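Let's take a friendly walk through a model made of several chains. Keep the structure open beside you as you read.

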Amino acid sequence: MTVNIIFKIAAVGILVSVISQILKHSGREEHAFLTSLAGLILVLFWIIPYIYDLFETIKNLFAL
Amino acid sequence: MREPVRKCQVDVMGEGSVEKNRDVLRIFALSVRKILEGLDLDFGKLQEIRLRVGMPLILLYDNHEYLVDKKIVSREEINETVEYVCNYSVYAYEEELRQGFVTVQGGHRVGFAGKIVCENDRVKSIKNISFINVRLAHEVIGAANVILPYVYDKGFPMHTLIISPPGCGKTTILRDLVRSVSEGNAYAKGMTVGVVDERSEIAACYMGIPQNKIGMRTDVLDCCPKEKGMIMLIRSMSPKVIAVDEIGQSKDIEALKYVAGCGCKLFVTVHGTRLEDIKSKPFLQDTVKDEIWERYIVLDNVGHVGNINSIYDKKGIRLK
Amino acid sequence: MFGIKACGIILIIVASSGIGFSISNIMKLRLLELAELKKLILMLRGEIKYIGTPLGEAFGVIGRRTKGIYSTLFQDTEKELEKLDGKNIADIWKEQMETAQMIKKSHLSDNDWKWLLNFAQNLGYLDKEMQLGTIELYMEQLESTLAEGNRSYGKNSKLCKCLGISAGLLLTIVFL
């Protein structure tokens, strides 16, 4: 896990919120919602392996 | 500059005009067009084509009537024909439809009949056109050759009154006389002629262009009332000769006197069978008494249409 | 390695922005073409109302006064109309549109073309008042389409451009 991923998540977050605002502003609420959702899913997609690793590590740590 | 004096040739239905007549088929609905093309007609002899809704197609060919009885004309075909005659633009021909006929390219007259819409005692337009009569143009070049020598005096035309019963070719002869005088002939150089074509029969203008040969120095007022047209021509086009067809009413005669008084010569036709008929017509008799007319030409159709019966001078003395 | 990445990033951003800008441009061109069409129909109305020119000649006059895609369409229609080949005017117009590949080359929407074809169906067979009436109706239709288009262009053009750029950036980040 590098620092890169944090920057990536941050950048995605900023951009998604910008796009979402633009879309909301021009009246396309559903598109805004979809973009936010897509951004969230993308970030989750990146995060999930690390979360899985986290739980594995905790499992191993406590030898459960 | 001396003009070369031209010879007149008699050209009855030369090749050029037959081709012109074949083009008349383009105004018909496709289905009717195919049938007419299939009939292998001599367009020199075809005179009329009549379409009536629900009736067979009728042709007047060489003075005989022929029925194309396999073909019953339908309303759609009439509508399609009207569309082509009006160049897809019925609105552009409102004035012509009001008069009841349209002159198409080639000089042919297409007459319409149907339901008339009137407004304030005037004919506004025709609706539901159900009857069409196409009269093909038949100009005869050289028809006036016989009378030319009598119409000129010292190289200048004279006031000429052509008297004829209906159907004897007076319009054809008048047209050729106009052409001859305008182009120039063995008796004189060409000179400016003005034509008031009230019924669009002499010049048969299509989009303003005469479809019949009426001479290079001829100006035409198309569909113009005669009495107004004659005065307009004198004022605007300075003709040496004015030609009108079928005079009869008092206002026409007043205009004639005005024209004669301006020094312009007249070629005029009138209905009648003999010179004596004119002497008894209410308005014309004054003109005869005042000896306005210098030549009287009487036509009939003995032997052939347009036969010259007799020619008289201003005093009524027979010349031929 | 970094150089290739940089190229990749630049390409993605440029491509994405390009798409955004070109969509915005298409909208603008459509509005320009609609405005031109409206001008031509106005000329047609003038020809019919004041001069009474037959359709073929009117199309020719209009076609010669304009440039661009409409010019050839109108002039070719004039030639077809003069042939008097036995087709009705809506068919001739449709054929000419297909030959000139109008629908591909122009930026008007399918709806716009449908309305134009509808209008062509009503040409020619009516008397003057009714003919002018159908022209007025179509002009109103064009005007309302134009007004709506202008409104939405104002909103959407900026939107498209920004979206284009941001989508490019987003894709870059995702694929970095």
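Of the 176 residues of chain C, 26% count as buried, where buried means that 20 or more other C-beta atoms, placed from the backbone, lie within 10 Å of the residue's own, exposed means 12 or fewer, and partly exposed lies in between. Please keep in mind that this is a predicted model, in which local features need pLDDT of at least 70, side-chain atom pairs count only at pLDDT 80 or more, and totals for chains, interfaces and linings use all residues. Residues are numbered from 1 along each chain as its sequence is written, while chains are lettered from A and ligands numbered from 1 in the order in which they are written.

**Chains C and A**

Chain C has 7 helices and 0 strands; helices (H or I, at least four residues) and strands (E, at least two) are DSSP runs, numbered from the N terminus. Why is chain C said to be more spread out than a compact globule? Its radius of gyration is 22 Å, well over the 16 Å that the globule rule gives for 176 residues. The radius is taken over C-alpha atoms, and the rule is 2.2 Å times the number of residues to the power 0.38. In chain C, 72% of the contacts with a separation of 6 or more join residues 24 or more positions apart. Two residues are in contact if their C-beta atoms, placed from the backbone, lie within 7 Å.

Chain A has 2 helices and 0 strands. Chain A is also more spread out than a compact globule, because its radius of gyration of 16 Å is well over the 11 Å that the globule rule gives for 64 residues. Of these 64 residues, 14% count as buried.

| Chain | Rough box |
|---|---|
| Chain C | 70 × 30 × 25 Å |
| Chain A | 55 × 20 × 10 Å |

**Where the chains touch**

The contact between chains C and A takes 11 residues from chain C and 9 residues from chain A. The chain C side of this contact has 8 nonpolar, 2 polar and 1 charged residues. No contact joins chain A and chain B, and their closest C-alpha atoms lie 47 Å apart.

Strands of a sheet pair through backbone hydrogen bonds, either parallel or antiparallel. Two strands count as paired if DSSP finds at least two bridges between them.

One open sheet of chain B has 7 strands in the order β17-β14-β18-β19-β11-β20-β21, with mixed pairing. Its edge strands are β17 (218–222) and β21 (307–313), each pairing on one side only. Within this sheet, 5 bridges join β11 (residues 160–164) to β19 (residues 265–271), and these two strands run parallel. One bridge partner pair is B:Ser164 with B:His271 in β19(B). Helix α6 (residues 170–183) of chain B packs on the sheet, and its direction makes about 170° with that of β19(B). Axes are lines fitted to C-alpha atoms, for helices over the stretch in contact, and angles run from 0 to 180 degrees between N-to-C directions.

Another open sheet of chain B has 6 strands in the order β4-β3-β2-β7-β6-β5, with antiparallel pairing. Strands β4 (64–72) and β5 (101–103) stand at the edges with a single partner strand each, so one side of each is left without a neighbour in the sheet. Strand β3 (residues 56–61) of chain B is joined to β4(B) by 6 bridges, and B:Ile58 stands opposite B:Leu67 in β4(B).

**Nonpolar cores**

A nonpolar core is a set of buried Ala, Val, Leu, Ile, Met, Phe, Trp, Tyr and Cys residues joined through C-beta atoms within 7 Å. The largest core has 52 residues, and those with the most contacts inside it include B:Val85, C:Leu55 and C:Ile89. Leaving aside its neighbours within four places in sequence, B:Val85 is in contact with B:Ile27, B:Val102, B:Val104 and B:Val110. A second, separate core of 48 residues includes B:Ile202 and B:Val268.

Technical notes: Nonpolar A, V, L, I, M, F, W, Y, C, P; charged D, E, K, R; others polar.
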